[in-house]
Amino acid sequence: MTQRIDDYALIGDLQTAALVGRDGSIDWLCLPRFDSAACFAAILGDEDNGHWRIAPKGAKNCSRRGYAGDTLVLETYWETRTGTVKVVDFMPQRDTMPDVMRIVEGVSGSVEMSSVLRLRFDYGSVVPWVRRADGHRVAVAGPDSVWLRSEPEVKTWGQQFSTCSSFTVDAGQKVAFVLTWHPSHQPRPDLIDPYTALEQCLIDWRDWSSRCTYQGPYRRAVLRSLITLKALTYAPTGGIVAAPTTSLPEELGGVRNWDYRSCWLRDSTLTLGALLTAGYVEEAAAWRDWLLRAVAGDPADLQIMYGPGGERRLPEMTLPWLRGHADSSPVRIGNAAVDQFQLDVYGEVMDSLFRAREAGIPAERHAWNLQLSLLGFLESTWRQPDEGLWEVRGRRRHFVHSKVMAWVAADRAVRMLEVDPSLHGDPARWRAMREEIHAEVCDKGFDPERNTFTQSYGSRELDAATLLIPQVGFLPPDDPRVVGTIEAVQAELLHEGYVLRYSTDGDSVDGLPGQEGTFLVCSFWLADALRLIGRTEEARELFERLVALRNDVGLLAEEYDPVTARQLGNFPQAFSHIGLVNTALALPWEETAG
């Protein structure tokens, strides 16, 4: 693949999403859901693994591109020797089945265009049988069926197991392509007019964007991140996937390649905060409801992640026929970390439900009983080691961040009982638990010689997650131990001005070979921590450098390599965009952003 991770733009319909390269090729698309098998998987292999490119004949990358205002409608321009053409890519919010629509419009002169569609179902491994029907191309393989049509109709032909077309657009002319998926045992869905669908799609996104209440200096960056979070939302349930992709590498050529097409409990509090603060109460309520459904049941069975619909089984496997992005293998689907024990998720759930109540979202009648059940389980398990926030695949440890979040769970229970005395429960019991955890963390998780909290009890390694200690209220920002931890992270985990989540040198805690990039959300956490201790200008400078890392359409991956100036990891990443939103909303507005 010649496209880098940050060469892609995102389109989607709130149930799945596609990545479109600067070269006009859709190289990733799972249908019908985020976590379904991909029919375009070129981003993890090559063109033979499935893609759909529309571009001027002989052209490489586009001249420029961008979203149509505050929407998820992508406009890509090519300026050629004979004229200029625009391609509009979007996925309308579906009535029944998903559609990908691509409208080619002549802007000036006359441009000869080419379309090459290579459908490869089941993550690039299955070549479908393609036939003609009613003037359309129909591709079928097993459970999947895809219809391709154009308006006006253009000539298509088969070549090397792909569907090709060639046509010319003059200034003012338009040709629309519509790709529709449906289960192969069902009849073709009703046809949708692409031009009407485009107008409605623009209206839907503009209406949604207009609800953003943030009017600060970083509004454009904040709104683009919020649109991205909305695009990663699985509308039927309200769940938000961590990213729409799998196995985009954290190190080019490395093995740190994971499937992020699930919903993580660790993201819940920060996501809820971002949505509520920006004015999206409806989305926050839907996320809260998804959370309640997902965690219902025996507290001992609480998982760190679930499928978009709340599914529990996410078995991990590798796909050997895909060589991986930039030869980074293995390519994985599913995630074995689903079976890990992570103490911090109990704190995330309790904090999320506390913040939802605080924001006035009506509480579900059964929610408090569920919370008491979670607390009862945590009371007997918080002393155990776990795999921690970062899902390490090494041995379990007593991670400081995990214990802090166990403290958060007890603290939020006490605060809810104080705010609403009608709730049943024993506040003295949870206060005692809160105090015991606090004392142990300060005793066993703090290195007095270096004046810093460490990654785990007895360790000298640091962890960027300890930057959250003042943010969750474990200690006040002016506590010398907080200031010392922030300065220690700056001294030991900064790499070319950005934050590593922990050291991967030597015998790494995560049990994996190789390195990884700087973790973008951790850099946002550092900016938050600096602001909290009064170093606002330093926080603002870091934040603005982070905003500048976004690609040309405002998207961020999970990580960034400052040496090669490349984004790394799954893309776009919800955690990174949540960090951007929360940091921007917390920064003072005194100065105008560029």
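Two strands are said to pair if DSSP finds at least two bridges between them, and helices (H or I, at least four residues) and strands (E, at least two) are DSSP runs, numbered from the N terminus. The structure is a predicted model, in which local features need pLDDT of at least 70 and side-chain atom pairs count only at pLDDT 80 or more, while totals for chains, interfaces and linings use all residues. Residues are numbered from 1 along each chain as its sequence is written, and side-chain values use heavy atoms, with hydrogens and water left out.

Strand E1 (residues 8–12) pairs with strand E2 (residues 17–21) in the antiparallel sense over five bridges, and within this pairing Ala 9 stands opposite Val 20 of E2. Four residues lie between the strands of this hairpin, where Leu 14 takes a positive phi near 70°. Five of the five residues of E1 are buried, so the strand is largely enclosed by the rest of the structure; buried here means under 20% relative accessible area (1.4 Å probe, protein chains only). Tyr 8, Leu 10 and Gly 12 point one way from E1, whereas Ala 9 and Ile 11 point the other way.

The axes of helix H7 (residues 367–381) and helix H9 (residues 427–444), which are lines fitted to C-alpha atoms over the stretch in contact, with angles running from 0 to 180 degrees between N-to-C directions, come within 12 Å and cross at roughly 45°. In the contact (heavy atoms within 4.5 Å), Leu 372, Leu 375, Gly 376, Leu 378 and Glu 379 of H7 meet Arg 429, Trp 430 and Met 433 of H9.

Key
Buried < 20%, exposed > 50% of the residue type's maximum accessible area, 1.4 Å probe, protein only.
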